[in-house]
Amino acid sequence: MASEPRDDLAENHDMVQVTTREKEKTKEALARGRKQHQAGRLELAALTYQEVLRTEPEHANAWHLLGQIAFQKGDCELAIQWMERALSYEKDNAAFHHNLGLVHASLKDWRPAREALDRWRLPASRPHQRE
């Protein structure tokens with residue numbers, strides 16, 4: 001009976017190592033994608049961000065960066081969809097709200113643009129400052 005908890009600990013330790021390795025691979029892929037993105041290689045960057053999402057489907061930055069690429073390519077509806085998905089994972093991320101507001105503004109969709117930009121200026125963590 002004493003060996004059972006030890007086996008459980010060994011299994012849990014192996015799972016933590018895998019998770020750590022996966023997180024490191026995700027971090028490396030995200031950095032690679034950002035370099036590609038900054039160099040203007042949008043298709044390659046998008047593929048790299050999608051690689052991140054295959055490992056971590058709730059990776060907010062990857063969704064947001066895909067949204068930025070969609071916006072850069074002129075697909076505002078897809079940009080909004082992906083940026084909103086990013087916000088579903090990180091509701092108080094000011095940069096996400098800011099960029100979503102810019103996409104809405106580019107469509108002259110003023111109400112959601114203002115709402116997103118207001119959230120950028122006054123994140124939910126400071127609700128007492130909202131009016």
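Guide: Helices (H or I, at least four residues) and strands (E, at least two) are DSSP runs, numbered from the N terminus. This is a predicted model, where local features need pLDDT of at least 70, side-chain atom pairs count only at pLDDT 80 or more, and totals for chains, interfaces and linings use all residues. Residues are numbered from 1 along each chain as its sequence is written, and side-chain values use heavy atoms, with hydrogens and water left out.

Visitor: In which loop does Lys108 lie?

Guide: Phi of Lys108 is near 60°, a positive value in a residue other than glycine. Most residues other than glycine have a negative phi. Lys108 is exposed (over 50% relative accessible area), at 60%. Its loop is the one between H5 and helix H6 (110–121).

Visitor: How far apart are the end C-alpha atoms of helix H2?

Guide: Helix H2 covers residues 42–55, 14 residues. The expected span is 1.5 Å times one less than the number of residues. That gives 20 Å, and the end C-alpha atoms agree, being apart by 20 Å.

Visitor: Which exposed residues does the face of H2 turned away from its buried side carry?

Guide: Buried means under 20% relative accessible area, with partly exposed in between (1.4 Å probe, protein chains only). In H2 the buried residues are Leu42, Ala45, Ala46, Thr48, Tyr49, Val52 and Leu53. They cover an arc of only 160° around the axis, so they sit on the same side of H2; the arc is that of the directions from the helix axis to the C-beta atoms. The face turned away carries Leu47 and Arg54.

Visitor: Is Asn93 buried or exposed?

Guide: Asn93 is found in the loop between helix H4 (76–89) and helix H5 (94–106). Its relative accessible area is 17%. Asn93 is therefore buried.
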